[in-house]
Amino acid sequence: MSSLSRELVFLILQFLDEEKFKETVHKLEQESGFFFNMKYFEDEVHNGNWDEVEKYLSGFTKVDDNRYSMKIFFEIRKQKYLEALDKHDRPKAVEILVKDLKVFSTFNEELFKEITQLLTLENFRENEQLSKYGDTKSARSIMLVELKKLIEANPLFRDKLQFPTLRNSRLRTLINQSLNWQHQLCKNPRPNPDIKTLFVDHSCGPPNGARAPSPVNNPLLGGIPKAGGFPPLGAHGPFQPTASPVPTPLAGWMSSPSSVPHPAVSAGAIALGGPSISAALKHPRTPPTALDYPSADSEHVSKRTRPMGISDEVSLGVNMLPMSFPGQAHGHSPAFKAPDDLPKTVARTLTQGSSPMSMDFHPIKQTLLLGDMGLWEVGSRERLVQKTFKVWDISKCSMPLQAALVKEPVVSVNRVIWSPDGSLFGVAYSRHIVQLYSYHGGEDMRQHLEIDAHVGGVNDISFSTPNKQLCVITCGDDKTIKVWDAATGVKRHTFEGHEAPVYSVCPHYKENIQFIFSTALDGKIKAWLYDNMGSRVDYDAPGRWCTTMAYSADGTRLFSCGTSKDGESYIVEWNESEGAVKRTYQGFHKRSLGVVQFDTTKNRYLAAGDDFSIKFWDMDNVQLLTAIDGDGGLQASPRIRFNKEGSLLAVSGNENVIKVMANSDGLRLLHTFENVSSESSKPAISSLAAAAAAAAATSAGHTDRSTNVVSIQGMNGDSRNMVDVKPVITEEPNDKSKIWKLTEVSEPSQCRSLRLPENLRVAKISRLIFTNSGNAILALASNAIHLLWKWQRNDRNATGKVKS
């Protein structure tokens, strides 16, 4: 076989391993005889799969090839024979003696007779040479040490024990290069070709007026970072959904084994006793050329490090990513005006009392802002709650935590975050502790759980729902990620594998597969399923220091933001299926003065705090869209957080303030709640529903803005989880600059309680709103059922619309 054909086999082996065709990989290794996978061989020996062991060896050597090969096969068959005797399975032992060991009688008849006599003993350990034979597991391990030395010394295995160093997904890269070249040769190349097959050469269809760029400027050829992050674990995301267990990480031959010169090893006479490295080697023989081989400590060969960087190779998978060109944005409607949609106006300035480290808006009540341990109603500028750190029960704390608190009692907040339904929020502290609070509206914040989570600081906290059970995910200075039951505080999982403190976590799910990304301070990014099978990926993030990851709101696009120790910052979008950086966004200050934080919103924008300002990017364009300074006074690398709708943006400023910036929708939302007291957050009467009702009446042209408030607490039982209302507000036709204000419903006589009948099994109402016509209430239940109630027409209500 030619040299190029041999290299093609290696490329196919790499591709098969990346696509998890494990059996096919080892079958091709055996049939080609080009690469002996020592890790696979060790696993089969430890498992006692003797038929597979010999079958795999047969692709590289035969019993009578040389003295090394003879001794390899003898040791394997002798071990198989002794295990049958140890199990008192004499028929099996006789079968092995006749079929497998008799071939060696030609070379040493006396040894074969001695082996045969073992059948007459009740316990073969009565033989002096076998008296030290232990259990099966230890005997296999001792034999394996000898086998590895024999294989490494065998000339037939020379240059077959180390897989060549290849870039990730090299075969896919070569195919992409071919497709790109074919595209350049098209008579009428399209800007965004849809390549659907490899069976025929690519050719674009009829001309559409667009010319493809030259190969020099084509991002497919040079503008995209190399494929070097995630191994391709699935077609649509980081984990391919399947009914069977997810396979283990990359096979051992995919790593870079260490090179260690082996000692001289004997191909001497076969012997009955155990494979002693000294006594058994009666005729030492060293091959002409020293060989390199992987060390016995092969844990590191189960994963392959994936470095990131700019490459001169193509990084895209076939039909995975559309081609894009510099300055070109995709997916926006013609009427979309990017700058007008951004929250640019400083609408509120809140004095926190200390420099805010973390902020988060309530997922349902869009104007509730959690800043460290302070809770704000942004609309009314009222601070509802202000907490300070306090250990709830010091007796339940570990001794390391108690010692740490004595040594350094000052504890700061590292992260705060709301649960998905807003009923809980978690606080991660700089010392061991995670505290969970339950929130019941207004100022009603109650202690829920206190967890001594990590040794050292707890650097991040998040919520997730594996198996439909709400859990808390934490990471810390002790290099671990832990998963806790949010109801009981019981630890469900501990993920170990990082070699540096874990900086952040990003839980997500795709196609019913739940997983967690984690980043560490050495720049490593790993991914975990909720099992005990270890990390699924291991690669280097841009910057290789502090990195956070986030998905777009619809969960389809993955981004990361990081800052290096030298102050260089990066925001990149990942192509999950290829493990490549899809695009790197430009516009950061050359040397950031802190760790840059970022956030996403509306499935269209990225924002990051850098150089005393907030910088915005369109997700589809690497060039900086705009930067705003928030009227000045921002921190060097301000912390930022959007609300769920993207209409409000909280930004940390100097002098312990939080600035809340708003777009036009955000300004309307704040004005809606400007005159509403903090009582509106309590579950007795939902003023949010009143706001929605009044807004609906206004949009229908009603002059009377006092509307009925309909409470459905009897159907749901918890109004804080019920309402997710974005008021339908229209501007007055005669004065488009006039900001509409809600008329407050404060008199009890204006309200009445009403139970809305329903015959379906509805456990929870997720959203409740008036129809635009004002004659019905529309509800969305958590089980995806829509409910519609209409006002009855009668003598008192001829229009069938809600009346005040």
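**Aromatic rings, a helix pair and a buried serine**

Arg6 is positioned over the face of Phe34, at 5.1 Å from the ring centre. This arrangement, like the others described here, is taken from a predicted model.

A pair of aromatic rings is described by the distance of the centres and the angle of the planes. In the pair formed by Phe124 and Tyr133, the ring centres are 5.0 Å apart and the planes stand at 80°; because an angle over 60 degrees counts as edge-to-face, the pair is assigned to that class. Both Phe124 and Tyr133 are buried. Elsewhere, ring pairs join Phe36, Tyr40, Phe41, Tyr56, Phe60 and Phe157 into a cluster.

Helix α4 (residues 50–57) and helix α5 (residues 67–86) have axes that come within 11 Å and cross at roughly 170°. Since angles over 145 degrees count as roughly antiparallel, α4 is therefore roughly antiparallel to α5. On the α4 side, the contact is made by Trp50, Asp51, Val53, Glu54 and Leu57, while α5 contributes Ile72, Phe73, Ile76, Arg77, Gln79, Lys80 and Glu83.

Ser647 is found in the loop between β30 (640–642) and β31 (648–653). The relative accessibility of Ser647 is 6%, so this residue counts as buried, the limit being under 20%. When neighbours within four places in sequence are left aside, Ser647 is in contact with Pro343, Met661, Ala662, Asn663, Asp665, Gly666 and Leu669.

Technical notes:
Residues numbered from 1 in each chain as written. Predicted model: local features only at pLDDT ≥ 70, side-chain atom pairs only at ≥ 80, totals over all residues. Heavy atoms only, no water. Axes fitted to C-alpha atoms, helices over the stretch in contact; angles between N-to-C directions. Helix = DSSP H or I, 4+ residues; strand = E, 2+ residues; numbered from the N terminus. Parallel < 35°, antiparallel > 145°, perpendicular 65-115°, else oblique. Contact = heavy atoms within 4.5 Å. Phe/Tyr/Trp six-rings, centres within 6.5 Å; stacked < 30°, edge-to-face > 60°. Buried < 20%, exposed > 50% of the residue type's maximum accessible area, 1.4 Å probe, protein only. Lys NZ or Arg CZ within 6 Å of the ring centre and 35° of its normal.
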